[in-house]
Amino acid sequence: MAEQHVTTSDMESPSESPVVKTPVRDTVRLAMVVAALGVVFGDIGTSPLYALQTVFNPHDPHPVPATEYNVLGVVSLMFWSVTIIVTVFYVVLAMRVDNDGEGGVMALITLMRRLGTRWGRKATIGLAALGIFGASLFFGDSMITPAISVLSAVEGLRVVEPSMGELVVPITAVIIFGLFLVQKRGTAAVGRVFGPVMIVWFTVIGALGVIGIVDDPAILRALSPTYAIGFVAGHFGIAFFALAAVVLAFTGAEALYADMGHFGRRSITRAWLFLVFPACMLSYLGQGALILHDPSNVSSPFFLLAPSWGRVALVLLATAATVIASQAVITGAYSVASQAARIGYLPRLRIAHTSETEMGQIYVPWVNWLLMVSVLTLIFAFRSSTALAYAYGVAVTGTITTTITLFFFIARVKWGTPRWVLIAGAVLLLTVDLLFLAANLTKITHGAWLPLLIGVTIFTVMTTWERGREIVTTERARAEGSLREFVEEVRKKKLTRVPGMAVFLNRGKETAPLAMRANCDHNHVRHDHVVIMSIETEPVPRVPADQRVEIDDLGYSDDGITHVTARFGYMERPDVPRALAGLDPVETEGKLRLDQASYFLSKIELQTGDEPTMARWRKRLFIATSYLAADAAETFALPRDRTVVMGSRIDV
């Protein structure tokens with residue numbers, strides 16, 4: 001997720017020449033591990049708060065009795081599920097496939113576009129659609145995680161003082177409201193303490209787990225996979241429904257992959273293997289030992305592990321950790337929405353960069369307020385973490401299924417691994433994940449419908465926008481006409497040339513800008529120096545400076561009309577004046593006087609047409625979605641006092 005933006009390409013390069021270790025280099029590596037702890041692992045690291053408690057929830061529609069056999073089987077399932085899904089798949093396999101250093105579903109989709117021709121158009125479209133649905137489910141995850149995480153932490157008050165139970169929901173709502181309210185200030189200041197707080201968190205939950213294990217070492221038998229296999233094979237009727245809650249042990253696994261571009265594979269791997277994984281497993285083992293000792297402890301095994309004198313402090317620490325977990329998925333939602341807009345699945349959204357030094361720290365107002373309303377609604381509707389847990393698993397397993405599928409298709413091309421090896425691996429991993437998905441689908445009537453509804457809704461919006469954009473692009477190209485032919489017309493008409501410089505933003509260099517065409521046709525004038533500029537978003541995170549700009553004189557080097565193509569990665573902000581600054585005056589047919597330039601934008605007014613391009617409801621949805629588009633002048637960093645907007649109308 002994109003709240004910390006640290007470049008690691010040099011440090012992570014496998015072809016890097018051997019470098020003598022120095023204290024400075026070791027300090028940098030340690031700092032990146034600490035930073036990763038504060039951002040990447042907040043979600044999965046707070047799962048011990050509610051995962052085991054949810055499995056043995058007596059109010060579950062399919063309750064799992066807290067017998068010795070079941071406790072050992074469930075804890076064993078948690079250990080081996082996390083090992084297979086997180087350690088083996090994400091850490092060992094998936095993080096080796098990246099899109100120029102970036103990971104996650106959106107990065108896999110852009111990578112699919114670059115490699116898609118090798119599979120055929122239909123396969124590429126189908127896999128891209130699957131990826132978009134996975135990204136849509138992530139938005140559902142971003143709504144549920146803050147609600148369930150903070151609720152589960154504040155619910156510790158009931159253990160400290162049962163009479164405070166009625167305050168859990170109001171306190172949670174206040175914390176969530178405050179969290180979303182400060183998003184516009186950015187996370188730069190708070191982010192510096194995230195890592196140390198999470199180090200304290202993992203140390204504490206690991207130590208509490210050890211205390212529980214010492215009290216009843218018999219729980220260590222759960223480390224044997226025979227207990228997990230025996231539980232599933234011997235008691236499938238119980239184990240199958242238990243899987244719907246066991247999946248809570250690896251919620252947030254996608255974050256390890258999605259944040260790879262910000263912290264690097266090595267930093268994330270080290271943090272996971274040496275601190276996060278051991279601490280979480282010790283916590284689950286300790287909680288299991290506590291339940292073995294007294295089954296009534298299923299009411300709140302996490303907080304009951306702590307001595308009574310330390311529970312208030314543990315509630316405060318858990319609340320801080322869950323706020324960090326919430327922050328991680330919130331900024332992750334900003335990142336996914338931003339990337340989706342850059343590659344054409346959402347309109348251009350208003351994005352504020354909240355740090356002068358960290359490019360990845362962004363704030364998307366529309367997404368922020370949508371998430372806030374959604375999270376608060378979930379808190380007041382479900383009112384407990386156990387009730388919300390029914391809805392949580394579908395979003396998690398759906399996203400993981402998508403990632404596994406895309407990973408193996410891409411790995412075939414990138415690595416050239418024998419097909420039978422990839423098929424065997426895919427079958428094993430998908431069998432495990434689909435079992436979890438099937439178990440969670442049994443909870444549809446109890447809340448699992450929610451992430452599916454969110455996912456289907458966002459998927460519909462994104463695919464409708466993509467289709468509508470294709471239709472508008474076709475119609476717009478017809479209205480604009482050929483750019484080179486238009487330049488010929490301008491030369492022949494010998495229009496009045498007015499002093500100054502004009503920059504016309506356009507979609508490409510094949511067609512003429514509607515704003516310039518309208519200016520020439522209706523006002524019968526043109527500026528002395530004209531730059532027609534196109535912005536291209538490349539399917540890579542960042543574009544090197546020497547590949548940023550391409551200049552074309554459009555066939556004439558003396559008419560004062562030049563075309564400039566500026567390329568940006570999907571993680572970059574397209575800054576037009578900065579891209580134009582410093583260009584060679586010879587190539588641009590004169591020095592660009594940007595301090596005096598006027599910028600022209602073409603605004604399209606959409607209306608429902610009669611052509612059967614889409615269903616009428618999708619046309620209305622597309623037009624409604626277009627109102628979410630950010631102001632182009634702000635998006636491209638244009639000076640408002642010198643920006644002119646000229647409009648035209650297109651039927652959808």
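**View 1. I379, a buried residue of the predicted model.** I379 counts as buried because its relative accessibility is 0%; buried means under 20% relative accessible area, exposed over 50%, and partly exposed in between, with a 1.4 Å probe and protein chains only. I379 lies in helix α18. Helices are DSSP runs of H or I with at least four residues, strands are runs of E with at least two, and both are numbered from the N terminus. Setting aside neighbours within four places in sequence, I379 is in contact with A147, V169, T172 and I176, where contact means heavy atoms within 4.5 Å.

Residues are numbered from 1 along each chain as its sequence is written, and side-chain values use heavy atoms, leaving out hydrogens and water.

**View 2. Helix α18, residues 365-382.** The 18 residues of α18 reach 26 Å from first C-alpha to last, close to the expected 26 Å at 1.5 Å a residue; the expected span is 1.5 Å times one less than the number of residues. Buried residues of α18 include P365, V367, L371, M372 and F382. R383 follows α18 and has a positive phi, near 65°.

**View 3. Helix α20, residues 419-441.** With 23 residues, α20 reaches 31 Å between its first and last C-alpha, close to the 33 Å expected. Among its buried residues are L422, L429, D433, F436 and N440. The buried residues of α20 pack against α5 (68-93), α12 (236-246) and α19 (385-415).

Conventions: Predicted model: local features only at pLDDT ≥ 70, side-chain atom pairs only at ≥ 80, totals over all residues.
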